[in-house]
Amino acid sequence: MQAFLDAITAGASGDDLANIAIPESYRAAFVKRDEQTMWEGVESEDKDPRKSLHVGEVATPELAPDEVYVAVMASAINFNTVWTSIFEPLSTFGFLDRLGKESVWGARHALPYHVVGSDASGVVVRTGSAVRNWKAGDKVTIHCNHVDDQSPSAHDDSMLADNQRIWGFETNFGGLADLTVVKANQLMPKPAHLTWEEAACNALCNSTSYRMIVSPHAADLKQGQAVLVWGATGGIGGYAVQYVLNGGGTPVGVVSSDKRRRLLNEMGVEHVIDRREADYKFWKDEHTQDEKEWRRLGKDIRGLIGRDVDTVFEHPGRQTFGASVFAAARGGKIVTCAATSGYMIEYDNRHLWMKLKSIVSSHFANYKEAWAANQLIAEGKIQPLLSRTYSLEETGEAALAVHKNQIEGKAGVLCLAPEKGLGIDDPEFRAKVGEDKITLFQRFDQFES
């Protein structure tokens, strides 16, 4: 891979890159099949990704006709990387084995190891025989919707496809590596004004938030609507508040520290709730929720904006879902995409059906939505949420920081890129967007206590 790095750094042409031999192996972060029971009897919060995520050489898979090899310059950590590393709620090797039974090409994925990572930026270095819109030398970001076109279920909204998967989580050969294999329909142009690591951190979370807030498949935000955003400085919440602001809405951000409150204020979010300061106790004990605390949250929201929120951007899951259902306005929506605090959800159905509220499920984004979200990044209308950058060898450390909620925004990972700050092709536009806006989360991570 050093030959590819040298050529990319020197500005080599696509033809030159296409003439460099693909190596038989490459460096990657992965978990091992024979270690998938290592966490038995250990509580989730005590599982340490540094012990299960390994970095070493793995064999290069053969390229399918609809795929490309991408030299990965940078990647990022998502919660699905944490889940893979702690083998929770399920071992991802089950996903790989099911994919392995689908076809000859699917069989490549069922291996003794799983290369992880669902974000990346890099350079196309080889294309399969059926690829027509991309060529060697193209600088790209990669979205994680892994789907083909051979099922009719994929042709209205590909997120409904019966074979839809998340690359690097439900497939092998993910982005936390020096090389990756992806379908051509996962590629998007790299925003020219961003560094490799800034460009790498967006696709999964930005696209997820776009679908949840903007798309008619979920919230379908209208001007003037108010949205409660849990974890509003987190990997998806930070994009969500930007979409609410851009769309003429009113975000109410929920955070867990005064530092995060100040970060939201600098992003332009006026209405912020510090949940630690408020000390909400939504659960009396393991089995019983406290409606008085839901009502206290609702009162706090009305104290800020004078009314209930039209939409709740819900992803913590079990810890907050009962409160979210209560807090939404009559006829409002609770849009949910995850459950980082637990999947077994409980809420009082009376507050749902008697006030005509809706729970709307949302999962990543289709190609059209991901492309639109990436275009807004490229136009400088949505800013990256990169806070901290690690080396590939430090993938375990980065995953642990995300697991422990120690990072605002996103944790980036340098793969082939030898240092931070490389990859900017349009410095003039970067200056127009504003260095302070682009690097806001990085600056807060470095200087704010």
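The talk below takes cysteines, strands, helices and one lysine in turn.

Mentor: This is a predicted model, where local features need pLDDT of at least 70, side-chain atom pairs count only at pLDDT 80 or more, and totals for chains, interfaces and linings use all residues. Residues are numbered from 1 along each chain as its sequence is written, and side-chain values use heavy atoms, with hydrogens and water left out.

Trainee: What makes Cys-144 count as buried?

Mentor: Buried means under 20% relative accessible area, exposed over 50%, partly exposed in between (1.4 Å probe, protein chains only). Cys-144 has 1%, so the label is buried. Cys-201 has 0% and is therefore buried too.

Trainee: What is the strand order of the open sheet of six strands?

Mentor: S13-S12-S11-S14-S15-S16, with parallel pairing. Strands (E, at least two residues) and helices (H or I, at least four) are DSSP runs, numbered from the N terminus. Two strands pair if DSSP finds at least two bridges between them.

Trainee: Why are S13 and S16 called edge strands?

Mentor: Strand S13 (271-274) and strand S16 (358-361) each pair on one side only.

Trainee: How do you know that S11 and S12 pair?

Mentor: Count the bridges. Four join S11 (residues 226-229) to S12 (residues 250-255), and the two run parallel. The rule asks for at least two. Leu-228 has Val-252 in S12 as its bridge partner.

Trainee: Which way do S5 and S6 run, parallel or antiparallel?

Mentor: Antiparallel, with four bridges between S5 (residues 120-127) and S6 (residues 139-142). Here Val-123 is partnered with Lys-139. S6 also has three bridges to S10 (residues 187-189), again antiparallel. In that pair, Ile-142 is partnered with Leu-187.

Trainee: What makes H9 roughly antiparallel to H18?

Mentor: Their axes come within 11 Å and cross at roughly 150°. Axes are lines fitted to C-alpha atoms, for helices over the stretch in contact, and angles run from 0 to 180 degrees between N-to-C directions. Under 35 degrees counts as roughly parallel, over 145 as roughly antiparallel, 65 to 115 as roughly perpendicular and the rest as oblique. So H9 is roughly antiparallel to H18. Their contact (heavy atoms within 4.5 Å) includes Leu-263 of H9 and Phe-444 of H18.

Trainee: Is Lys-183 buried or exposed?

Mentor: Buried, because its relative accessibility is 9%, under the 20% limit. Lys-183 lies in strand S9 (residues 179-183).

Trainee: Which residues does Lys-183 contact, leaving aside neighbours within four places in sequence?

Mentor: Asp-66, Glu-67, His-146, Val-147 and Asp-148. Take Val-147: it is 36 residues from Lys-183 along the chain, with 8.3 Å between their C-alpha atoms.
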